Amino acid sequence: MQTSNNSQQLRPPQGVIEIIRDLEGAGFEAWCVGGAVRDALMGHAHLDWDIATSATPDQVRTLFGRRRTIPVGIEFGTVGVLDASQVMHEVTTFRRDVRTDGRHAEVEFGASLDEDLARRDFTINAIAFSPSRQQIHDPFDGRGDIAAGVIRAVGAPGDRMREDRLRALRGIRFASRFGFAIEPATWEAICQSAPYLTRLSAERVKQELEKTMDQVARPSGAIARWRESGALAVLVPELEGLSAEARHALDCAAQPALARRPGRRLTRFAILFSDSSSASALQAAMRLRFSKHDAQWIAALVERWNTLRLELTAALSAGAPEPARVRGWIAAVGRTHLSAFFRLASARWAASQTAPGGGGGGGALNDGPAAHAVQRLYRRCVSAALSEPVDLRDLAIDGDDLRQVGIAPGPGLGKILTVLLARVLEDPARNSREWLLGEAQRLKTPAD
């Protein structure tokens, strides 16, 4: 154990310090461990400080009382302890793995701190810190790997991956998030894990992708590693043919601080699937356990991009489009998808100009409109969407009005409404009850 200048970077919240003080005062060991220690050593903010202790879960609950403790994962040794500000911190008993099926481990307590650290995934996550003694315990030289910019498994890489197959994806995410290399033996173990990743639940795979979108400034690197390792073909085969441009478009979209917003994250997923058909995107999103609403939203954005990208690119390259054409695009995209569609389109167009190796495959464009032209069109679309009729609901008449003038319910009525909207998109002045009913009568077929 060492006292180090690094310890000056480690400043846990007061609530964590007090919980550790109480555990040590009762005769137990207690250390800060995990991601918060790693991030603090790297100068990154981290909100969740976890505590590892020699106290058993029952001893923790007895010490802090039932009102201050929550059995969040008691079978794995984890108890949530509320500090004086009612903030919960996870306190986990030192443990060792007894057996594992590659995802769920059976653990036993009574282990030492070193044994507890030895069961962790990567050296950068196997560092402990004692705030009371200002000591860092780093038996696997995680600080050395942080300094060298390396992701390295604790102990034998193959053993760590077999214990928990999710570690392969976590290793890729950490490397991409921090801009680290993956140590060769660890990378080989990650690649060898790929065929066994089907043991992971779809929810876990989705969570890893979400964390990549939230935490990684340049997700293209993570997705490239998923493909190189074989994980992509196993887990999301729809993305096997993903172009370099589509990957780079992820980097051109909103950065992680904004990507944590649910809508921004979904837009990044739509960008991820933007080389696919909408049906393929929907299938993949449903398999990854997105809600039906979110899966359909992703697929709808993909469908709109595939339908409009060539027309929009050509029109923007030719100069300012006519108002009627702009209204037509708004109608095709839909008011509720407008902002997200332009985020997707802007990212794809920016990537088409800057992606390594040029445009790329998968139907990617070789060039895109200038950013100022895209922004100008977006502002025009927002203004028109707020003030002009661009949707069936904006028409001065509806289906009831058509039925009252003798147009029978059914597909024919819907077609007439669609034609009427097209006429209004051409000239908003036509959106009057008198003009629309007259045009509807003209469009009415003898069968009506």
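The paragraphs below start with the chain as a whole and then turn to individual sites.

**Overall content**

The model is predicted, and the features reported here are computed from it. The protein chain contains 22 helices and eleven strands. Of its 448 residues, 50% are buried. When contacts between residues at least 6 apart in sequence are taken, 66% of them join residues at least 24 apart.

**Cysteines**

A disulfide is a covalent bond between the sulfur atoms of two cysteines. The search of the whole structure returns zero disulfides. Two cysteines may be described by their accessibility. Cys191 has a relative accessibility of 25% and therefore counts as partly exposed, and Cys252, at 31%, also falls in the partly exposed class.

**Salt bridges**

Side chains of opposite charge can pair when their charged atoms come close. Under the distance rule applied here, the structure holds 31 salt bridges. Three of these pairs are set out in the table.

| Arg348 | Glu245 | 3.0 Å |

The side chains of Arg348 and Glu245 form a salt bridge at 3.0 Å. This pair links distant parts of the chain, since Arg348 belongs to helix H18 and Glu245 to helix H12 (residues 244-252), 103 residues apart. Both Arg348 and Glu245 are buried.

Arg433 is placed in helix H22 (residues 433-443) and Asp401 in helix H20 (residues 399-404), so the bridge ties together parts that are 32 residues apart in sequence. The two partners fall in separate accessibility classes: Arg433 is partly exposed at 41%, whereas Asp401 is buried with a relative accessible area of 13%.

Glu303 has a relative accessibility of 33%, which lies between the 20% and 50% limits, so Glu303 is partly exposed.

Salt bridges also join into a network, which links Lys206, Glu210, Asp214 and Arg265.

**The second largest pocket**

The second largest pocket has a volume of about 180 Å³. Its lining consists of 13 residues, and those nearest the centre of the pocket are Ser339, Phe342, Arg343, Ser346 and Gln375. Two or more lining residues come from each of helix H14 (262-272), helix H18 (338-354) and helix H19 (371-387). Which element gives the most to the lining of this pocket? Helix H18 does, with five residues. By residue class, the lining of the second largest pocket comprises six nonpolar, four polar and three charged residues. Helix H18 also carries Arg348, the partner of Glu245 described above.

Asp145 is located in helix H5 (residues 142-148). With a relative accessibility of 5%, Asp145 counts as buried. Apart from its neighbours within four places in sequence, Asp145 makes contact with Thr123, Ile124, Val150, Arg152 and Phe180.

Asp141 is found in the loop between strand S9 (135-137) and H5. Asp141 is partly exposed, with a relative accessible area of 46%. Its phi is near 55 degrees, a positive value in a residue other than glycine.

**Positive phi**

Most residues other than glycine have a negative phi, and most peptide bonds are trans. Besides Asp141, whose phi is near 55 degrees, a positive value occurs at Gln86, a residue other than glycine with phi near 70 degrees. Gln86 sits in the loop between strand S4 (78-82) and strand S5 (88-93). With a relative accessible area of 56%, over the 50% limit, Gln86 is classed as exposed.

Note on methods
Residues numbered from 1 in each chain as written. Predicted model: local features only at pLDDT ≥ 70, side-chain atom pairs only at ≥ 80, totals over all residues. Heavy atoms only, no water. 1 Å grid on protein atoms, 1.4 Å probe; cavity = no way out; pocket = protein on both sides within 12 Å on 5 of 7 lines; lining within 4 Å. Points joined across faces, edges and corners; volume = space filled by probe spheres on them. Helix = DSSP H or I, 4+ residues; strand = E, 2+ residues; numbered from the N terminus. Nonpolar A, V, L, I, M, F, W, Y, C, P; charged D, E, K, R; others polar. Disulfide = S-S within 2.5 Å. Buried < 20%, exposed > 50% of the residue type's maximum accessible area, 1.4 Å probe, protein only. Salt bridge = Lys/Arg side-chain N within 4 Å of Asp/Glu carboxyl O. Contact = heavy atoms within 4.5 Å.
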